[in-house]
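Dear colleague,

Here is the structure I promised to pass on to you. Please open it beside this message, and then read on for what was found in it.

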Amino acid sequence: MMNKIEFKKGSYRLNKQDNFNFQLNRVIMWDGGRLEDVEPISNKITDSKSWKEQLIKLGDIAIKENRTENAIAYYRMSEFFMYDGDKDKLKYYQLATKLFYDYYQDYFLNNKVKQLKVDYEGVVLPVMYTKAIGEKKDTILLHGGNDSYYEEFFYPMLYFAENGFDVYLFEGPGQGGVVREQGKHFTPYWEKPVKAVLDALKLEDVTIIGASLGGMLAPRAAAFDKRIKRVIGWSIFPNFLSVALYSFPKSARGIVKWVLNHNFKWIINSKVKKLMKKDPTVDWGIKHGMYAYEVESPFEYLKKLNTYQMVDVGHRINQDMLVIGAEKDHFINKELYKEELDSLVNVRSLTYRLFTEKEYGEGHCNVGCSKLCFDTMINWIEQMKKRDSYMG
């Protein structure tokens, strides 16, 4: 199992619905799925129900054919679009997790990867740790974003270690087993779980990398904790409400903001419920968001999203920062990029990298060009460390 880490490269049009298309690419590029499995079923997916059915079928076939790595991908992601309260949601999350740790057990048995635990507000945050191979260049604190699983960052963690980095990969509130098994929901104040991890593991002088929503959470933590010296926002994410409003028609965004500001709950709730009936991904997204962020209505959900932002504390970030965007990110409109970059008025240095379609990096979190993306991060960290060594 302990082979040199390699990443897939490519970008595929598999489903006419942008989010289903992205998640299918994610299954293949990040989670261990195969194009030859996914492509034939991709157009059969039209809603959450068909997503669940098709991915479970792929997992069952992979298990019968002893393709455990593929089965992990299909079972894990089958759970992604299941509605909260579906009895199969926890079942397939736990099945995928068990298969994962069985399949990769050699890494843990020989202590190449260690599992650690950090106490946080009545729950336990799981941490994977792997030591740098060769001379250590830096320490990386790595985490995902909105409802992510930290197991899908297993290969990136190992790749960073291959390139000379100690890596601590963790799940925070709202993510993976922390929310599914321990019931700990998201917090906009990501500096709190990050502080708990840094304190417990006695870490200083780290580079934090946050993916997707983590591209907002990581900078937010850095604004309050100066043990973080370098920040990589792996996805531009200035304000969750601003991002969410781009799923609304352009003509409606200003109206929605005005209605939210004036607390006209019934207008938001009735309009959003109509959108939910028309669009299965909006339906899943709103219902899951209400669960993950502990609110009772679409209005409360949108209000809560406005607390998930980094632009309000952007002026407090005075570390070196690398911001990574994607040319055709279906979640995050390019119009929002300037809002984030303009908020970083006091950073020590700012580097912005936009990955493009020609590089297969146009999708959210650059899923089609992982190696190039990670090499970009590595090169940037090395440059920052080299500059600091020259300056003494």
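**Thr130 and its surroundings**

The side chain of Thr130 reaches the backbone oxygen of Lys112, and the distance between them is 3.0 Å. Please keep in mind, here and below, that this is a predicted model. Thr130 belongs to strand S2, and it counts as buried because its relative accessible area is 0%, where buried means under 20%. Leaving aside residues up to four places away in sequence, Thr130 touches Lys112, Val113, Met157, Leu158, Ala161, Phe165, Asp166 and Val167.

Strand S2 (residues 123–130) and strand S4 (residues 165–170) run antiparallel and are joined by four bridges; Met128, for example, has Leu169 in S4 as its bridge partner.

Helix H1 (residues 18–29) has twelve residues and reaches 16 Å from its first C-alpha to its last, which is close to the 16 Å expected at 1.5 Å a residue. At the start of H1, a side-chain oxygen of Gln17 comes to within 2.7 Å of the backbone nitrogen of Asn19. How many of the twelve residues of H1 are buried? Eleven of them are, so that H1 is mostly covered, and among the buried ones are Phe20, Phe22, Leu24 and Arg26. The cover over these buried residues includes helix H2 (35–41), helix H3 (48–64), helix H4 (68–78) and helix H14 (280–292).

Helix H5 (residues 87–103) can be checked in a similar way: its 17 residues should span 24 Å at 1.5 Å a residue, and its end C-alpha atoms are 25 Å apart, which agrees. Asp86 caps the N-terminal end of H5, with a side-chain oxygen 2.8 Å from the backbone nitrogen of Asp88. Asp88 is itself one of the buried residues of H5, which also include Tyr92, Tyr93, Ala96 and Phe100.

Leu260 lies in helix H12 (residues 250–261) and is buried, with a relative accessible area of 3%. Not counting residues up to four places away in sequence, Leu260 touches Leu241, Ile268, Phe299, Leu302 and Lys303. Although Leu260 and Phe299 are 39 residues apart along the chain, their C-alpha atoms are separated by 7.5 Å.

The axes of helix H13 (residues 265–278) and helix H15 (residues 298–305) come within 8 Å and cross at roughly 100°, and therefore H13 is roughly perpendicular to H15. Where the two helices meet, Lys265, Ile268, Asn269, Val272 and Lys273 in H13 face Pro298, Phe299 and Leu302 in H15 as contacts.

With best wishes

Key:
Residues numbered from 1 in each chain as written. Predicted model: local features only at pLDDT ≥ 70, side-chain atom pairs only at ≥ 80, totals over all residues. Heavy atoms only, no water. Buried < 20%, exposed > 50% of the residue type's maximum accessible area, 1.4 Å probe, protein only. Contact = heavy atoms within 4.5 Å. Expected span 1.5 Å × (residues − 1). Polar contact = N/O pair within 3.5 Å; in protein donor to acceptor, adjacent residues only side chain to side chain. Pairing = 2+ DSSP bridges. Axes fitted to C-alpha atoms, helices over the stretch in contact; angles between N-to-C directions. Parallel < 35°, antiparallel > 145°, perpendicular 65-115°, else oblique.
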